[in-house]
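Please open the structure in a viewer and keep the selection tool at hand.

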Amino acid sequence: MLKKTFRARMIASAEAVEAMVEVIPWEVVPESLERKRIDYLAERKKPLRARYAYGVIFLITNLWAWFVRDYAQRVLPELQYMKSCGTGGNDCFHTLGVLRVSLGSFIFFFLMFLTTSKTRKLCEARNAWHSGWWGLKFFILLISMVVPLFVPSDSVQLYGEFARVGAGIFLLLQLISVIQFINWWNKYWMPDEQKKQSCSLGLFMSTLFYIASMSGIAFMYSSHAMKSSCALNIFFITWTTILLIVMMVISLHSKVNRGLLSSGIMASYIVFLCWSAIRSEPANEECNRQKQGNGNGDWSTMLGFLIAICSIVMATFSTGIDSQSFQFQKDEVQEDDDIPYKYGFFHLTFSLGAMYFAMLFISWNLNNSAKKWSIDVGWTSTWVKIVNEWFAASIFLWTLISPVLRQSKVMDHEEPVQEIDNSAVP
């Protein structure tokens with residue numbers, strides 16, 4: 001009797017469980033869930049549009065910093081009567097003027113970082129703050145730009161020292177983002193042997209990158225290392241060539257086997273950094289014949305200057321939206337109500353970018369008196385770019401070698417275990 005009762009209860013429990021886990025067909029899903037999904041898609045478009053608005057704000061601050069450095073002393077003579085601007089208002093123009101604009105931009109974006117850093121879902125109030133309330137945010141931006149005009153010059157100089165560190169951190173973040181993009185591109189174009197068309201296209205592109213890199217090396221030798229007296233340029237170019245060869249050899253090593261595309265892209269990148277560093281050297285007749293920052297404002301100088309500003313904005317924007325490269329857990333499932341990118345990281349990158357554009361406008365020299373239409377010119381700028389080049393090559397080489405080292409450590413750890421297991425067999 002007890003067995004029959006127990007069996008009946010078990011059968012009833014099993015039927016109840018089957019009823020609970022029965023799969024509901026898609027046709028009977030409530031329409032409210034579909035409406036929610038549509039609402040989430042519409043809500044996700046707002047922060048995606050908002051990031052372009054922040055990019056425009058950042059571009060405007062860059063242009064304002066240029067105006068303050070080159071023309072504000074003549075157009076805004078009223079600033080000379082402010083106590084914080086010093087005698088003749090010189091402390092609100094030129095180098096210190098750029099630092100004041102940079103400080104204002106940093107304050108605005110850092111406030112945005114503090115107010116949006118913990119945002120996770122589209123339904124949160126901080127998401128609405130990030131994507132809307134533009135009238136209030138433009139008022140805060142205006143206040144942020146005005147406040148640094150009342151800051152004493154010594155404090156602005158101290159901010160300049162702090163901005164050097166922030167600009168260095170920005171370059172590091174940008175470098176990591178570039179390397180992650182190169183690795184993604186390599187996986188996309190050269191995934192496996194089954195996609196022969198993609199692999200052949202990847203091989204073609206890697207050949208183009210290496211041809212461009214070698215052509216750049218030849219051009220720099222012919223234009224910036226004409227004489228034996230240009231020893232420093234010869235060293236820069238030769239060391240870049242050595243790094244290029246080392247990256248190619250390691251990429252083709254049997255244990256690494258990463259192909260030529262990623263190393264080809266990185267080779268082009270470090271050649272560009274080397275060329276940019278040599279271009280930043282003060283002009284001279286022997287090793288750098290270009291006329292940089294001569295103040296004449298000819299069309300080629302203006303065009304190069306505006307392209308440089310747009311490059312700063314694009315570099316900041318692309319790094320800011322690339323928060324996935326800096327996540328420790330890269331396999332997180334994206335839900336419908338999750339924000340499309342990390343707002344806190346986005347604004348933090350822009351605040352560091354504000355420090356970075358200040359360093360470019362003053363050529364990393366707090367006592368610099370930059371000429372009109374010049375940007376990132378001087379020996380300090382040259383060495384910053386050279387060190388950035390060497391650091392980029394070092395990080396890339398480490399990304400090639402580190403998986404091999406980890407694999408060898410795992411194999412060394414597994415071999416003693418196998419020996420013990422074999423000895424245990426009679």
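The stops below cover aromatic pairs, a charge over rings, a helix crossing, a loop and the cysteines.

The model is predicted: local features need pLDDT of at least 70, side-chain atom pairs count only at pLDDT 80 or more, and totals for chains, interfaces and linings use all residues. Residues are numbered from 1 along each chain as its sequence is written, and side-chain values use heavy atoms, with hydrogens and water left out.

**First stop: aromatic pairs**

Rings of Phe, Tyr and Trp (its six-membered ring) pair if their centres lie within 6.5 Å; planes under 30 degrees apart count as stacked, over 60 as edge-to-face and the rest as tilted.

Select Phe-235 and Trp-390, an edge-to-face pair with 6.1 Å from centre to centre and 80 degrees between the planes. Phe-235 belongs to helix H9 (residues 231–252) and Trp-390 to helix H13 (residues 379–424), so this pair ties together parts that are 155 residues apart in sequence. Helices (H or I, at least four residues) and strands (E, at least two) are DSSP runs, numbered from the N terminus. Phe-235 is partly exposed, at 39% relative accessible area, and Trp-390 is partly exposed at 25%. Here buried means under 20% relative accessible area, exposed over 50%, and partly exposed in between (1.4 Å probe, protein chains only).

Next, select Phe-236 and Trp-383, whose ring centres are 5.3 Å apart with planes at 85 degrees, so this pair is edge-to-face. Phe-236 in helix H9 and Trp-383 in helix H13 are 147 residues apart, and their pair links distant parts of the chain. Phe-236 counts as buried at 1% relative accessibility, whereas Trp-383 is partly exposed at 36%.

**Second stop: a ring cluster and a charge**

Select the cluster linked by ring pairs; among its members are Tyr-54, Phe-108, Trp-134, Phe-138 and Tyr-343. Over which ring does the charged end of Lys-137 sit, 3.9 Å from its centre? The ring is that of Trp-134. The charged end of Lys-137 also sits over the ring of Trp-129, 5.3 Å from its centre. A charge sits over a ring if NZ of Lys or CZ of Arg is within 6 Å of the ring centre and within 35 degrees of the ring normal.

Select helix H4 (residues 94–116) and helix H6 (residues 134–146), whose axes come within 8 Å and cross at roughly 140 degrees. Axes are lines fitted to C-alpha atoms, for helices over the stretch in contact, and angles run from 0 to 180 degrees between N-to-C directions. The contact (heavy atoms within 4.5 Å) involves residues including Gly-104, Phe-108 and Leu-111 of H4 and Lys-137, Ile-140 and Leu-141 of H6.

Most residues other than glycine have a negative phi. Select Ser-363, in the loop between helix H12 (343–361) and H13; its phi is near 55 degrees, a positive value. Trp-364 lies in the loop between H12 and H13 and has a positive phi of about 65 degrees. Ser-363 counts as buried at 5% relative accessibility, and Trp-364 counts as buried at 9%.

**Last stop: cysteines**

How many disulfides does a search of the whole structure find? The search finds zero, a disulfide being a pair of cysteine sulfur atoms within 2.5 Å. Select Cys-123, which is exposed at 64% relative accessible area, and then Cys-274, which is buried at 0%.
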